[in-house]
Amino acid sequence: MCLILFAWQTDPRYPLILAANRDEFYSRPTERAAFWPDAPNILAGRDLQGGGTWLGLTRTGRFAALTNYRDFRHPQHGERSRGLLVSDFLQSDAPPADYLDRLSRSGAKLGDFNLLVGDRHQLWYYSNRGTPPLEVPPGIHGLSNHLLDTPWPKVAEGSAALAALLRRGPDRSPTDIFLILANRQPAADRLLPDTGVGRERERLLSSAFIASPEYGTRSSTLLFFSSSDMATFIERTFDAPDVYRDCAFRFPLLAPPPARGGI
């Protein structure tokens with residue numbers, strides 16, 4: 001993922017409203033979202049190269065999402081795919097805070113990342129770029145390739161657009177949220193961050209939706225939890241910047257099993 005916008009416990013009808021874009025090289029093999037045959041409790045896309053995923057949830061309402069932390073001036077490299085953090089959490093029954101605490105103390109050799117993990121009642125965030133695990137407070141938040149709520153243009157603009165949409169009340173629709181994720185307007189040069197990739201690359205990566213010959217937005221995903229414990233998951237996958245397919249899942253969330261801990 002390279003952009004995650006979410007409203008956490010701001011609407012009594014929808015405790016979670018999450019919208020995210022996954023940006024990746026087109027050549028990286030990927031499976032569309034589905035319940036995994038080898039882990040049928042998990043609904044997610046799948047990275048066929050690294051084996052993990054970037055965003056997923058379980059039938060009991062555990063969910064996780066990941067972005068890379070971009071700093072080519074001081075890069076960190078890992079022995080495992082960062083996407084395995086998402087699938088590891090989804091297959092664990094550890095509470096979100098415990099999972100991140102153990103991860104932060106594990107010494108695991110991973111590339112730079114931001115990780116959101118939660119369930120129907122709590123949401124936690126951790127980055128291995130210097131922040132301890134923290135509980136995400138209620139509100140509208142954004143995450144790209146820096147720390148949570150860093151006001152990069154697409155984070156600030158996307159969060160503001162989501163807030164404006166939610167203020168409209170119950171007439172909002174998935175189409176409205178997909179439009180936020182589809183914004184291809186690059187940021188003004190004066191607002192671009194400096195992550196060591198050069199001004200032209202920063203400009204390309206600054207829009208919510210990225211389109212280039214080799215790299216771009218591969219999928220847009222919406223995830224909603226309702227107050228009646230229903231989950232809605234809609235994935236829009238792009239075979240090309242203007243060619244897409246949608247798949248949607250809606251199901252009641254099950255009661256979670258007793259926690260045993262672990263990571």
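How many bridges pair β12 and β13, and in which sense? The two strands pair in the antiparallel sense over 10 bridges; the points below place this pairing in the rest of the structure.

1. Basis of the note. This is a predicted model, in which local features need pLDDT of at least 70 and side-chain atom pairs count only at pLDDT 80 or more, while totals for chains, interfaces and linings use all residues. Residues are numbered from 1 along each chain as its sequence is written, and side-chain values use heavy atoms, with hydrogens and water left out. Helices (H or I, at least four residues) and strands (E, at least two) are DSSP runs, numbered from the N terminus. Two strands are said to pair if DSSP finds at least two bridges between them.

2. The six-stranded sheet. β12 and β13 belong to an open sheet with the order β10-β1-β2-β11-β12-β13 and antiparallel pairing. The edges are taken by β10 (139-143) and β13, each with a single partner strand, so one side of each has no neighbour in the sheet. On average, neighbouring strands here are turned by 10° against each other, direction ignored; axes are lines fitted to C-alpha atoms, for helices over the stretch in contact, and angles run from 0 to 180 degrees between N-to-C directions.

3. Pairings within that sheet. β12 and β13 form a hairpin with two residues between them, and I234 has A248 in β13 as its bridge partner. β11 and β12 run antiparallel and are joined by seven bridges, with F225 opposite A231 in β12. Four residues separate β11 and β12 in their hairpin, where D229 in the turn has a positive phi of about 65°.

4. Helix α3 (residues 153-167) lies across β1, β2 and β10, at about 35° to β1. Helix α4 lies across β1, β2, β11 and β12, running at about 145° to β11. Of the 11 residues of β12, nine are buried (under 20% relative accessible area; exposed is over 50%, partly exposed in between; 1.4 Å probe, protein chains only).

5. The seven-stranded sheet. A further open sheet has the order β3-β4-β5-β6-β7-β8-β9, again with antiparallel pairing. Its edge strands are β3 (30-36) and β9 (131-135), each with a single partner strand, so one side of each is left without a neighbour in the sheet. Six bridges join β6 (residues 63-68) to β7 (residues 113-118), and T67 stands opposite N114 in β7. Helix α1 (residues 83-91) packs on this sheet, touching β3, β4, β5, β6 and β7, and its direction makes about 170° with that of β6; contact means heavy atoms within 4.5 Å.

6. Nonpolar cores. A nonpolar core is a set of buried Ala, Val, Leu, Ile, Met, Phe, Trp, Tyr and Cys residues joined through side-chain atoms within 4.5 Å. The largest has 28 residues, of which I4, F6 and L57 touch the most other members. Elements giving two or more residues to this core include β1, β2, β5 and β6, as well as β11, β12 and β13. Not counting residues up to four places away in sequence, the contacts of I4 include L18, A65, L116 and L143. Another core, of 21 residues, lies apart from it and includes W36, A44, A97 and Y126.

7. Salt bridges. With a salt bridge defined as a side-chain nitrogen of Lys or Arg within 4 Å of a carboxyl oxygen of Asp or Glu, the count is 15. E202 and R70 meet at 3.0 Å, N to O, linking helix α5 (residues 199-205) to the loop between β6 and α1, 132 residues apart. Both partners are buried, E202 at 2% relative accessible area and R70 at 11%.

8. Further charged pairs. D229 and R120 form a salt bridge at 3.5 Å, N to O. D229 lies in the loop between β11 and β12 and R120 in the loop between β7 and β8, so the pair ties together parts 109 residues apart in sequence. D229 is partly exposed at 34%, whereas R120 counts as buried at 16%. D189 and R203 form another salt bridge, with the closest N and O atoms 2.9 Å apart.
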